[in-house]
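Work through the exercises below with the sequence and the model side by side, trying each task before reading its solution.

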Amino acid sequence: VHANGPWQIKGVLAARLAGCKVVWHLNDTYEPLPVRLVFALLAPLAHAFAPVCERSRQYYLSRPRLAKKTSIIVQAPVDTRVFDPDTVVPARDVKEQPGPVVATTANISPVKGILDLVRAVAAFNQLGGKATFVVAGSFLDSQVEYGQQVKDLVDELGVANLEFLGPRQDVVQVLRAADAYVCTSLFEASPMSVWEAMAMAKPMVSTDVGDVAPILADGPCGITVPTAKPEAMAEKLHELLSNPDQAREFGQRARQKAVDELDIKACVKNHERLYRAALD
């Protein structure tokens with residue numbers, strides 16, 4: 001039985017009562033304390049764990065008893081056949097924005113750090129940067145207050161080069177039209193939006209969440225900054241867009257990294273390794 005998430009307690013208990021092997025997938029780096037306490041109590045029942053990144057492994061399995069258990073990192077996958085810059089037509093409305101265009105794909109919520117994105121764009125403008133920033137994602141009904149804070153901050157800082165595109169069904173086309181990607185998340189484990197941008201050969205600046213830092217550093221194929229540091233984000237974006245040759249190299253390496261290590265085929269292989277380890 002594959003329990004998908006640390007809160008999937010009933011599945012784990014039912015599996016053990018039925019005499020099944022249990023694999024427990026750990027797909028985040030932040031949970032409320034009650035969930036973590038119950039997980040810590042029941043975690044020894046699992047035969048193997050699938051943290052989605054090294055940070056998830058450290059977050060959940062740092063206790064000596066659990067650290068000895070089998071764990072294999074299984075990153076969230078991206079289908080690099082779909083997210084392939086050579087086969088995708090750019091979204092026209094994004095391509096026609098005054099360039100270069102920096103994209104992010106995220107709903108408007110606190111965990112995605114959208115307020116920091118607004119501040120980073122304002123700081124980027126103060127550095128003399130010239131770019132249009134676009135956000136593909138919804139203003140959520142469950143985050144009305146936060147959404148209003150974002151709109152108010154845009155007005156307060158006079159950020160005119162930040163466009164909210166709303167929900168999009170053509171994310172791959174939006175990414176194809178962009179020149180770079182930015183991730184301002186405060187918490188992530190294995191961010192599929194970042195892996196999708198990598199697959200589309202986008203150079204990027206991202207906050208240090210999940211395993212993004214070691215993955216982007218290998219090559220390198222991108223730049224990371226600390227979370228909640230919009231001024232640092234602005235500086236690195238300005239640096240990236242001021243060096244198009246380096247940006248192009250980052251994008252090419254990012255694409256290759258995604259194909260080699262983040263594609264759905266790699267995810268399947270890691271699942272097979274995990275299940276065989278649990279059965280051993």
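Helices (H or I, at least four residues) and strands (E, at least two) are DSSP runs, numbered from the N terminus. The model is predicted, so local features need pLDDT of at least 70 and side-chain atom pairs count only at pLDDT 80 or more, while totals for chains, interfaces and linings use all residues. Residues are numbered from 1 along each chain as its sequence is written, and side-chain values use heavy atoms, with hydrogens and water left out.

**Exercise 1.** Locate V89 and decide whether V89 is buried or exposed.

Solution. Next apply the cut-offs, by which buried means under 20% relative accessible area, exposed over 50%, and partly exposed in between (1.4 Å probe, protein chains only). Because its relative accessible area is 63%, V89 is exposed. Finally, setting aside neighbours within four places in sequence, V89 is in contact (heavy atoms within 4.5 Å) with Q173 and R176.

**Exercise 2.** Determine which residues of α7 are buried and where they pack.

Solution. First list the buried residues of α7, which are Y146, G147, V150, L153 and V154. Viewed down the axis of α7, these fall within an arc of 120° (taken from the directions from the helix axis to the C-beta atoms), so they line one face of the helix. Then look for their partners: the buried residues of α7 pack against α6 (114–126) and β7 (162–166).
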